[in-house]
Amino acid sequence: MATEALVSFDVERLGDKLIQEATFLKGVREQVEKLRKDLKAMQCFLEEADKKQEEDVRVRNWVSEIREAVYDGEDIIDMFILKAEAVRRNCFLKRVFKKLMNLYGVGKKIEAIQLSLRDISNRREELGIQNIGERRSRSAQNQMLWDLRRSSPHAEEHVVVGLEKEADELVEQLIRGGDQRRRVISLVGMGGIGKTTLAKKVYNHTQVVECFPDCRAWAYVSQDCRPRDVYMQIIKQLVFTSTKDQQVLEMVEKLQEHELGDFLHEHLKEKRYLIVLDDVWSCRDWNCLAKVSSKDPDCLGNVFPHREDYVISTRKLFLLWIAEGFVLSAEQADQQSMKVTAEVYLNELINRNLIQVVRMSVNARVVECRVHDLMRELAIRKAKEQNFFRTHDIADPLSSSTSNSSLFSSKCRRQSIYSDMERYASVEHNTPYLRSLLFFNLGHEICRISQLDFIGKCFKVLRVLDLEGVEVESLPSIVGTLIHLRYLGLRHTGLKLLPLSIGNLRSLQTLDVNNLKQVPNVIWKIQNMRYLYMEGQENDIPLKIDTLENLQVLSGITFKQWIQNNSSKLTCLWKLKLEGRYELLEGVEFWKSIAKL
């Protein structure tokens with residue numbers, strides 16, 4: 001995951017926390033807001049740094065320091081909220097004293113991060129890292145060579161020998177109907193063999209012009225790739241085609257590089273377009289420029305941790321992405337649009353051959369997918385370097401020297417465990433800031449309650465806990481202390497009861513469980529609940545859910561439970577699946593309740 005994207009996510013999260021946790025953060029609001037602004041300022045330099053870090057170890061270390069500062073800021077805020085929640089339950093005098101101490105402590109920690117960011121920023125000039133909005137200076141000689149080499153689609157050679165067949169094939173690929181996804185065609189070869197000539201012939205072909213009548217652009221890149229110049233070339237051809245737009249164009253030219261990229265991306269969205277990038281010298285330059293036509297989603301984290309050939313449902317994948325904060329929409333409250341955005345991200349990854357489709361629905365939407373083994377290994381190796389996530393199989397004797405050794409870096413954010421719970425529970429856990437914990441292939445032994453206590457004790461800021469497929473007798477009440485938890489996956493665990501403390505999970509967005517004896521009547525307390533799956537209830541007892549005004553999906557509620565609630569309060573509900581039978585009078589009440597939605 002690119003550090004630039006990581007900082008972007010963290011800036012958004014801090015902004016969200018300032019709104020959502022206004023009560024808890026009241027005493028340190030100004031400092032948190034200042035930290036958010038400092039991180040946002042660093043974004044101006046990270047795009048260039050991300051490109052340079054593979055070549056320069058000093059830049060790689062510099063980027064790593066920013067990433068660690070981001071992690072530290074996130075950890076401080078989450079731990080402060082956790083302590084504030086605990087203090088709230090104490091007596092008045094003790095509460096006031098602890099609150100003052102916590103405020104002082106978090107204030108000093110934020111100040112330390114800000115000092116660290118200042119030092120990091122001061123060292124960027126030594127590494128040659130520029131603000132992405134700054135134009136790079138170039139000598140008159142370089143400028144002259146650049147101008148001489150610069151191509152134009154209008155200067156087409158009229159006598160072209162031997163390229164008719166190749167041109168016809170390329171035209172056919174470009175105008176072929178039925179495929180609305182982004183198509184990339186590369187012309188690769190040594191200089192002088194006619195790549196640009198062929199591209200011009202295709203670009204000016206009558207059928208191509210008719211297929212892309214209002215949205216064609218030709219941009220010259222060169223060995224000295226300057227994304228800002230390339231963006232402006234495209235913008236002038238696609239957006240500002242009239243002299244009447246001159247004043248607006250002058251305003252756009254003042255935008256920074258990343259802002260130009262965003263502007264162009266918004267203009268291209270939902271359009272059929274053809275863009276030729278001529279004289280691209282490196283894959284790195286291509287990857288940088290390709291972000292505009294479809295923003296690179298950084299949502300691979302919850303795909304790659306799974307086992308080789310593991311097939312995951314897209315429904316679960318989208319919910320994990322949303323819980324992690326990987327999917328950001330302009331309107332955070334619009335969760336349905338976030339699922340749509342997640343689907344766009346997935347399709348982009350599929351188009352880039354990073355994810356393989358396993359099963360499609362009748363309406364041609366991806367239902368299940370997986371990651372190729374080689375791609376998975378590459379991503380895992382990169383993620384380990386950044387402490388983004390780590391996978392571990394304790395059953396593998398090569399993975400640890402002793403059963404009680406610490407398995408992961410203390411900064412590790414996500415873990416995927418391929419082993420039995422008993423062995424995992426017995427090792428030392430030195431990852432207090434873990435955000436996601438997912439289990440796979442744990443065999444068929446019953447996991448007792450004592451084995452699960454460590455989750456609540458060791459991972460207090462956990463956001464995602466997925467126990468799907470793990471056989472569990474019962475869930476410990478300490479799970480209710482995980483106030484940052486957003487996703488709780490308990491499907492196919494054999495679990496029959498949930499503790500009443502689950503009602504304390506005030507951040508929980510998704511609860512996915514099935515075949516419970518009964519659902520505890522405390523779900524109504526979880527105001528942030530968006531997606532509630534509880535199919536296969538054995539006992540049809542009353543269940544209050546009409547306080548869940550943010551609820552989007554409700555699956556598994558019985559007809560009797562449903563009609564006992566005031567459905568008119570569930571204004572965000574867009575998917576409802578009911579179970580069981582109903583009598584005639586209950587049927588009348590049911591249709592009345594549906595009419596209120």
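**Exercise 1. How many aromatic pairs does the count come to?** Then describe the pair formed by tyrosine 203 and tryptophan 218.

*Solution.* Keep in mind that you are looking at a predicted model.

Step 1. The count comes to 5 aromatic pairs.

Step 2. For tyrosine 203 and tryptophan 218, the ring centres are 5.5 Å apart and the planes stand at 85 degrees. Planes over 60 degrees apart count as edge-to-face, so this pair is edge-to-face.

Step 3. Now place the two residues. Tyrosine 203 belongs to helix α7 (residues 195-203), while tryptophan 218 belongs to strand β1 (residues 216-220), so the pair ties together parts that are 15 residues apart in sequence.

Step 4. Check the surroundings. Buried means under 20% relative accessible area. Tyrosine 203 has 4%, so it is buried, and tryptophan 218, at 2%, counts as buried too.

Step 5. Finally, look for a charge by the ring: arginine 216 lies over the face of tyrosine 203, 4.4 Å from the ring centre.

**Exercise 2. Work out the geometry of the pair made by phenylalanine 590 and tryptophan 591, and decide for each residue: buried or exposed?**

*Solution.* Step 1. The centres of phenylalanine 590 and tryptophan 591 are 5.0 Å apart, with 65 degrees between the planes, and the pair is edge-to-face.

Step 1. Phenylalanine 590 has a relative accessible area of 8%, so it is buried.

Step 2. For tryptophan 591 the value is 55%; exposed means over 50%, so tryptophan 591 is exposed.

Step 3. Widen the view: Phe559, Phe590 and Trp591 make up one aromatic cluster.

Step 4. For another ring with a charge over its face, turn to tyrosine 533, where arginine 315 lies at 4.0 Å from the ring centre.

**Exercise 3. In what order do the 9 strands of the open sheet lie, and which strands stand at its edges?**

*Solution.* Step 1. The order is β6-β7-β8-β9-β10-β11-β12-β13-β14, with parallel pairing.

Step 1. At the edges are β6 (390-392) and β14 (575-579); each has a single partner strand, so one side of each is left without a neighbour in the sheet.

Step 2. On average, neighbouring strands of this sheet are turned by 15 degrees against each other, direction ignored.

Step 3. Strand β10 (residues 487-489) and strand β11 (residues 510-514) run parallel and are joined by 3 bridges. Tyrosine 487 has threonine 510 in β11 as its bridge partner.

**Exercise 4. How many disulfides does the count come to, and are cysteine 215 and cysteine 225 buried or exposed?**

*Solution.* Step 1. A disulfide needs two cysteine sulfur atoms within 2.5 Å, and the count comes to 0 disulfides.

Step 1. Cysteine 215 has a relative accessible area of 7%, so it is buried. Cysteine 225, with 7%, is buried as well.

Notes
Residues are numbered from 1 along each chain as its sequence is written. This is a predicted model: local features need pLDDT of at least 70, side-chain atom pairs count only at pLDDT 80 or more; totals for chains, interfaces and linings use all residues. Side-chain values use heavy atoms; hydrogens and water are left out. Buried means under 20% relative accessible area, exposed over 50%, partly exposed in between (1.4 Å probe, protein chains only). Rings of Phe, Tyr and Trp (its six-membered ring) pair if their centres lie within 6.5 Å; planes under 30 degrees apart count as stacked, over 60 as edge-to-face and the rest as tilted. Helices (H or I, at least four residues) and strands (E, at least two) are DSSP runs, numbered from the N terminus. A charge sits over a ring if NZ of Lys or CZ of Arg is within 6 Å of the ring centre and within 35 degrees of the ring normal. Two strands pair if DSSP finds at least two bridges between them. Axes are lines fitted to C-alpha atoms, for helices over the stretch in contact, and angles run from 0 to 180 degrees between N-to-C directions.
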